[in-house]
Amino acid sequence: MAVRPMVGLDSTYFWEGTLADQLRLQRCNNCGALRHPPGPACPDCGALDRGFVVAAGTGTVFSFVVHRHPPIPDKELPILLALIDLDEGVRMVGEVVDLAPEELRIGLRLQVGFNRIDDELALPVWRKAEA
Amino acid sequence: MSRTLSGKAAIAGIGATEFSKASGRSELQLSVEATQAALSDCGLAVCDVDGLVTFTMDTSSEIALARELGVPELRFFSRINYGGGAACATVQQAAMAVATGVADVVVAYRGFNERSGNRFGQYSAGVAQQVNTNGLDNAWTYPFGLGTPAATVAMQARRYMHTYGATSADFGAVAVADRRHAASNPNAFFYDKPITIEDHQASKMIVEPLHLLDCCQESDGGQAFVIVSAERARDLPQPPAYVTAAAQGSGPDQFVMTSYYRDDIGIPEMGVVGRELWRQSGLTPDDMPMAVLYDHFTPYVLMQLEELGFCGRGEAPGFVADGAIEVGGRLPLNTHGGQLGEAYIHGMNGIAEAVRQVRGTSVNPVSLDDRPHVLVTAGTGVPTSGLILGREA
């Protein structure tokens, strides 16, 4: 992998989720707003009371790149990186695997999976959704 | 006393080292040399300096620079965050300090070995693991492999192309203009090395859709400015470059290089800067005979033209076509060659070019006789800043 994520009190739930094969999205317990990336306060209502929902794990490519240079530690280039609009309405960055660069396009439907790095970390990865 | 910064301060002196790929000196020494040159340029002495401003990213502290210069006391010191977005804001800090009497002679400086030392274009584990909210923010990109500046910009560029029908060749117009201007600038790394749009299109892909020639250089060098009050500047040897407007900007749901969670992504933080520059100055885009727009990556030059109001949303590809942004065109940009052509000194060399245009000493002069102002911007994709410098207070 590239580098390990910095994890803090406001993001622990997300990385605990990936270890459990869950893509978790922060949800405000006061107003219900979903949010990613997460943080300690709800920008919509100001509440500090928050939980999470488990996303369906499906989304649509909003933008993408094909990274060819320079090297990324422990990655064989090129790699495909996408901005993915989740069906729940939030957006996140992810690596797309098992797909040829020329097949990746804006609007493509993707499905999340989880790449277990070790006992303490799993990373979400995205593949073309099955029709 | 009116509550405005406009016309209260001026850049009186500019100084730089050579721009290279291997300076052979420490980053601190580069800042010392640039500062000494800037003081010499405006006839002031080390003992006149009572303020220093730089980037949060600069590795040479204000006190280290003061020690080397022999500055006895500092009354004002400050740093601006967010990479190259700091460039114009260092001048804003200095201008506010001298306008309010907090300090009298403030030097804004930046010196780095960005090619022979720490290369910003590489994937940096250190950036990903900063112990602060920037590091926490990077948890949502770096571990997946999205971590180089080119990659973060390419994500924005792809969406811009999709939304507005822009092409890689539209981005290439910026590279061609910059390199044309660098070709006649002896201080530019790419002096006498112009490129064609075919060269741009044939250059290798770095992060699709960005080619190598969409990406700025990596450079070693130092650049410094001396900022004093408008009154004092008039008594110094160089024609003053008055700070007509100075602004910072951060947009909604702002991140560093990865403001990806807004509906339209883009760079609305530069719109914040633009609106404030026009408000402070009372000027409009039509009042600018030229501009220096931060060009670490070509797509952001197009997006800046739109955010600053030089053209409408999605209209930049047409705006930059047919040599319009080259000397002799409707809005010449980056007449020193920009960071693609001259050097990447984190936007500070672009401010120096704006000063030279105000003075009439640029190697690619644009007439300011009818419209005596130049707009210059700082880093894009990050919280940023901008200046309008003028011949008149």
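**Entry 1: a pairing between the chains.** I began with H67(A) and found that its bridge partner in β5(B) is V207(B). I then looked up the two strands: β4(A) and strand β5 (residues 205–208) of chain B are joined by two bridges and run antiparallel. Two strands count as paired if DSSP finds at least two bridges between them. Strands here are DSSP runs (E, at least two residues), as helices are (H or I, at least four), numbered from the N terminus.

**Entry 2: basis of the values.** I noted that this is a predicted model, in which local features need pLDDT of at least 70 and side-chain atom pairs count only at pLDDT 80 or more, while totals for chains, interfaces and linings use all residues. Residues are numbered from 1 along each chain as its sequence is written, chains are lettered from A and ligands numbered from 1 in the order in which they are written, and side-chain values use heavy atoms, with hydrogens and water left out.

**Entry 3: extent of the interface.** I looked up the contacts (heavy atoms within 4.5 Å): 39 residues of chain A touch 37 residues of chain B. The two chains bury about 3200 Å² between them, with 70% of it on carbon and sulfur atoms. Buried area is the accessible area (1.4 Å probe) that two parts lose on being put together, summed over both. In chain A, the residues that lose the most area to chain B are V3(A), M6(A) and V93(A), together 21% of what that side buries.

Entry 4: I found one salt bridge across the interface of chain A and chain B, where the rule asks for a side-chain nitrogen of Lys or Arg within 4 Å of a carboxyl oxygen of Asp or Glu. The side chains of R68(A) and E208(B) form a salt bridge at 2.6 Å, N to O.

**Entry 5: what chain A supplies.** I recorded that α1 (12–19), β4 (58–67), β5 (79–86), β6 (91–96) and β8 (121–128) of chain A each give at least two residues to the side that touches chain B. β4(A) gives the most, with six residues.

**Entry 6: a sheet in chain A.** I turned to an open sheet of three strands, with the order β2-β1-β3 (chain A) and antiparallel pairing. Its edge strands, each pairing on one side only, are β2 (34–35) and β3 (50–54) of chain A. Strand β1 (residues 24–28) of chain A is joined to β2(A) by two bridges, and R27(A) stands opposite L34(A) in β2(A).
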